[in-house]
Amino acid sequence: MSDSLYFLLTRFFPCISSSQGCNPFAQTGRSKLQNKRASLNQQIIKQMRMRAGAENLLKATSNNKVKEMVLLELSYVNANLQLLMGQLEGLNSSVEVYQNTQETANIPLIALGLKETKEVDFSTPFKDFILDHYSEDGNSFEDEIADLMDLRQACRTPSRNEAGVELFAKYYSHLPLMESRFFSPNRQTGIFFTWYDSFTGVPVCQQNLSLEKASILFNMAALYSQIGTRSNRQTIVGLEEAISSFQKAAGILNHLKETFTHTPSYDMSPAMLSMLIRMMLAQAQECLFEKTSSLLIGTVFLTLSSFSCQVSETYDQVHQSMIQTPIKDNVPLFWSTMSQVKTNHYRSMAHYFVASALLDHQLGPSDDEDQQEKTLSQVYDRLPEGRSPLDILKNKEERERIGKAHIRRAILGHEEALRIYGLCHHLNKLEVLEDILKASHQRSLNKYSESDSEEEFTDYTEAPDIISKTEHKAEMEVPATTKVKVTDFFQRLGPLSVFSAKQRWTAPRTIRLCPEDRDLGFTLKGESPVQVVSLDPLCPAAADGLKEGDYIVAVGDTDCKWSSVSEVMRLLKDVDEEGIDIQVVSMMESNPPMPTKSATFCGNLPKTYSMICLAYDDDDKNPKSRKVTKKSSFLSWGLKNKLKSASTLSLPTADHSGALPWNKPCPTFPSSSSYNNDSSLY
């Protein structure tokens, strides 16, 4: 494909292939937003390094003039950081970029921005590990390493649809395979995964894959939230897509919260994730209300009033969680203000629906009084003293008095929503929201003017509170795409159950097999790779170095790592007197795992969350004993030998009796003064 043709394709089709992600140079609103986020993250880390250096100099010097200069410089740096943080908050408040372009009559929804990350080069560390650990040529795996790096790079610019979610799920499913292959518990790979906090821009760096897995899950949830906000909520199909997307986003965030409990990035702390889960469910509940109201409008006002009150109560819970310390210091003001606006707006709509039902409806002779009374009684928790639902329905004056009380509360609530809307300059950019709030306020005013009378100045009736209740409640949903079946890029290294980073074995040894009367002097068992058992210590193979329990990895020029017992027997069955060379490896006792440190660039920010995450497998604490099997008698090579072949692979496990000293990773950047030098890389 020529360069000009590729440019045209990427210009008009930003996402050419779901496995490649979107074109990072496509000038879409979302890509521009992510590019600004990446640029701000780089500026923030630069200012934080300057601040850390200035604070270290301030501690080290005793010269008063130098201290004055450093303090002046620190004031400039802190001011720049405040400006950058404000710009980042503005990006998180830019919800209009994620909305559906056709929507003009729906309140905007909030989408999460994708976490940014640095590029990671797996090439050299993986090649070295393959050579040192697997005793194979790392250069022969260049294509596999390149495919893995391309997959991770594509995850930085996913398409905003199901294909983008599948891209995240594919890479997420490869991470456990990559961890088993290359991340040994007793050695460091030298690979650093850096991710930026989506709210503060503070980078977090780790050498293990816990941060990588958690960040991919966060971005998967963020992508679902963007799909939900983009859905066309003017149609039932679009509303169902939005509901499903927000429920899936909440389910993934809840899975992230329960699985990765010590992630050192504040945007993935338990408190922040709990708030985000509530917000996703609240938006799903809002879409459920829009779907129900589009189907029932004009017929069941009382049912809609309880549902609208439920949405209001849900957003009130979201707002209360946003204003708690320290969440309120990191969540954009736009988010908390939006939740407060929606709390008042939907509560006012609930009172408007009740008012419309009471003022526009009159109990007729053909109406079912019991059903009408039951419906009205379910709206209120309690009525004013001396009033009953049936009295309100039968008495026109009482019905109008209660109805006007509800419409007054609706007007006051809409005015409060407009007042709060005017306090946030980011909300003022959303003209659609302002139009909806003003239209709702005017509708309530019109309804009140229709029933206006001279007695309103002496009527002090207060509208009762409405019960928040609905039969349709948003629930968390964990999508099946969080884990997909993938093919291991490095399956040529052999079965993962044996050839992993946790296991240690000798380099391949060449053994010459020369059968004597068609007897090779041993039998085989296990699946792939097959294992040597019942070895005759006097046979030529044993004399050449073959040991009990060795794994056969090659017969002649044929790789046998994935071969079964029958396949290896077929290769050895017709060996002549000259013999054949096989390659075997022997298992070695593993060293005890070393604790993996996480390194976090904090930049002297308030330590609101644990910055050290120890990845330590509990399963490795207790050493397992070696399984001893009783040797069978020496068997000849033939049918009887085949029948004796077993498929029970018995592997020796690690002996943790000795402790091997491990070296701490060298810091790549000067550490900040607020944290221990042993746990920081910056």
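Reply: E119 and R156 form a salt bridge in this predicted model. Their closest N and O atoms are 3.7 Å apart. The pair links distant parts of the chain, 37 residues apart. E119 sits in the loop between α3 and α4. R156 sits in the loop between α5 (142-154) and α6 (162-182). E119 is exposed because its relative accessibility is 59% and the cut-off is over 50%. R156 has a relative accessible area of 25%, so R156 counts as partly exposed.

The loop between α3 and α4 also holds K115. K115 forms a salt bridge with D267, with the closest N and O atoms 2.8 Å apart. D267 lies in the loop between α8 (236-259) and α9 (270-296). Here 152 residues separate the partners, and the pair again joins distant parts of the chain. Are K115 and D267 buried or exposed? K115 has a relative accessible area of 4%, so K115 is buried. D267 is at 0% relative accessibility and therefore buried too. Buried means under 20%.

K438 and E434 both belong to α15 (residues 431-450). They are four residues apart, about one turn of the helix. Their closest N and O atoms are 3.0 Å apart, and they form a salt bridge. K438 is partly exposed, at 45% relative accessibility. E434 is also partly exposed, with a relative accessible area of 23%. Elsewhere, salt bridges that share partners join E136, D559 and K561 into one network. The whole structure has 19 salt bridges. Side chains of opposite charge can pair when their charged atoms come close.

Now the nonpolar side. The largest nonpolar core has 110 residues. Which members touch the most other members? They are F122, M178, L276 and W335. Helix α9 supplies the largest share of this core, 13 residues. Leaving out residues up to four places away in sequence, M178 touches F122, F126, L148, Y171, F183 and L209. Another core lies apart from the largest one.

Next, the strands. β1 (residues 193-196) pairs with β2 (residues 203-206) in the antiparallel sense, over four bridges. Y196 has P203 as its bridge partner in β2. F193 and W195 point one way from β1. T194 and Y196 point the other way. Both sets are buried. The hairpin has six residues between the strands. In that hairpin, G201 takes a positive phi near 80°.

Last, a loop position at T61. T61 is found between α2 (29-60) and α3 (64-92). T61 counts as buried because its relative accessibility is 16%. A polar atom of the T61 side chain lies 3.2 Å from the backbone nitrogen of N63. Not counting residues up to four places away in sequence, T61 touches V66 and K67.

Key: Residues are numbered from 1 along each chain as its sequence is written. This is a predicted model: local features need pLDDT of at least 70, side-chain atom pairs count only at pLDDT 80 or more; totals for chains, interfaces and linings use all residues. Side-chain values use heavy atoms; hydrogens and water are left out. Helices (H or I, at least four residues) and strands (E, at least two) are DSSP runs, numbered from the N terminus. Buried means under 20% relative accessible area, exposed over 50%, partly exposed in between (1.4 Å probe, protein chains only). A polar contact is a pair of N or O atoms within 3.5 Å; within protein, one must be able to donate a hydrogen and the other to accept it, and residues adjacent in sequence count only if both atoms are side-chain atoms. Contact means heavy atoms within 4.5 Å. Two strands pair if DSSP finds at least two bridges between them. A salt bridge is a side-chain nitrogen of Lys or Arg within 4 Å of a carboxyl oxygen of Asp or Glu. A nonpolar core is a set of buried Ala, Val, Leu, Ile, Met, Phe, Trp, Tyr and Cys residues joined through side-chain atoms within 4.5 Å.
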